[in-house]
Every structure is written in C-alpha cells, then in structure tokens.
Amino acid sequence: MLNFFSEDVDFSLPRPLKTKKWLKNTSESEGYEIIELNYIFCSDEYLLEINKQYLDHDYFTDIITFDNSEEDKQLEGDIYISIDRVKENAETFHADFETELRRVLVHGLLHLVGYADASEEQKSLMRAKENQYLTLF
C-alpha cells in the first residue's frame, strides 16, 4: 500500500496514480515489495520539528525517512517531505518542481532499500540511481 498525505500544507501530488506505479516499479527493480509506504508532505517548520525531536538535528532538510520494515525485502516506512525545501531546491538546481519532487520521492525509497548518502561515493551512487529511475517516470 502506497499512501500520500499532507500535514500543515495545502498540497496534492501531481499524477498520483502514475507516481504510485513508478515507485512500485522502482522498488521491484531493487528487489523489494512495498507493504506500506506513507509519504507525508509538509512545511519546513513541520519537518524541522521532526528533525529536532527524532534526530536531534536543528536544521531544515527536504526529506526524513523512517524505516519501519520488519522483513527482508519488504518496505514499510514513513517519508516526510518538505514542500518548501523541494520548491527552493528546484530553483537552486534549475529544475522544474515536479522533477525535483520526484527526485526526493525516489530518494526516500532508495534509502529504504539500503542506499546511503553520507560519503561522496555514496552520494554519487545515490544520484546515479535517482537519475536512472527519473528517466523511467
């Protein structure tokens, strides 16, 4: 089950059915099945509070991913996305909003299947995977 919610922002995901299919295909390509994956769209302030409360980080971010999976190769989790950050990042990187949003959507899923982005090498692989799946939308 793949769900999209909004908290404290008036936001509706463009093309939700196509996005669900794309994310499902992405997880299957990585060898995973989506059991329950919730995307929660929110504001900078909302995500900042989550960042402070659960990660002890006092800064804005575009995404926070919580892995609730209990079985191998099955995805369960909550992915919080700041619409404010996505809009700003789209401007910064000269991308359109929907493309940047899809990048963040798949970024969260890739974290859940095991990709990290702490080192430069990991960031490079993560970006390559994001680009690979973005072309399949």
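The model is predicted: local features need pLDDT of at least 70, side-chain atom pairs count only at pLDDT 80 or more, and totals for chains, interfaces and linings use all residues. Residues are numbered from 1 along each chain as its sequence is written, and side-chain values use heavy atoms, with hydrogens and water left out.

**Exercise 1.** Find which residues of H2 are buried and where they lie around the axis.

*Solution.* Step one: helix H2 covers residues 44-55, and its twelve residues reach 15 Å from first C-alpha to last, close to the 16 Å expected at 1.5 Å a residue (1.5 Å times one less than the number of residues). Step two: Asp44, Leu47, Leu48, Ile50 and Asn51 are buried in H2. Step three: these residues are on the same side of H2, because they cover an arc of only 160° around the axis, taken from the directions from the helix axis to the C-beta atoms. Just after H2, Asp56 has a positive phi of about 60°.

**Exercise 2.** Describe the largest pocket and its lining.

*Solution.* Step one: a pocket is an open set of points on a 1 Å grid over the protein atoms alone, with protein on both sides within 12 Å along at least five of seven lines, and lining residues have an atom within 4 Å of a point. Step two: the largest pocket holds about 570 Å³ of space. Step three: 20 residues line this pocket, and Asp62, Ile63, His107, His111 and Asp117 are the closest to its centre. Step four: H4 gives the most to the lining, six residues.

**Exercise 3.** Describe the largest cavity.

*Solution.* Step one: a cavity is a set of grid points where a 1.4 Å probe fits but cannot get out. Step two: one cavity of 30 Å³ or more is counted, and the largest has about 50 Å³ of space. Step three: its lining includes Leu13, Glu98 and Phe137, and helix H4 (residues 97-112) supplies the largest share, four residues.

**Exercise 4.** Is Lys129 buried or exposed?

*Solution.* Lys129 lies in helix H5 (residues 120-134). Lys129 counts as buried because its relative accessibility is 16%.

Notes: Grid points are joined across faces, edges and corners, and a volume is the space filled by probe spheres set on the points. Helices (H or I, at least four residues) and strands (E, at least two) are DSSP runs, numbered from the N terminus. Buried means under 20% relative accessible area, exposed over 50%, partly exposed in between (1.4 Å probe, protein chains only).
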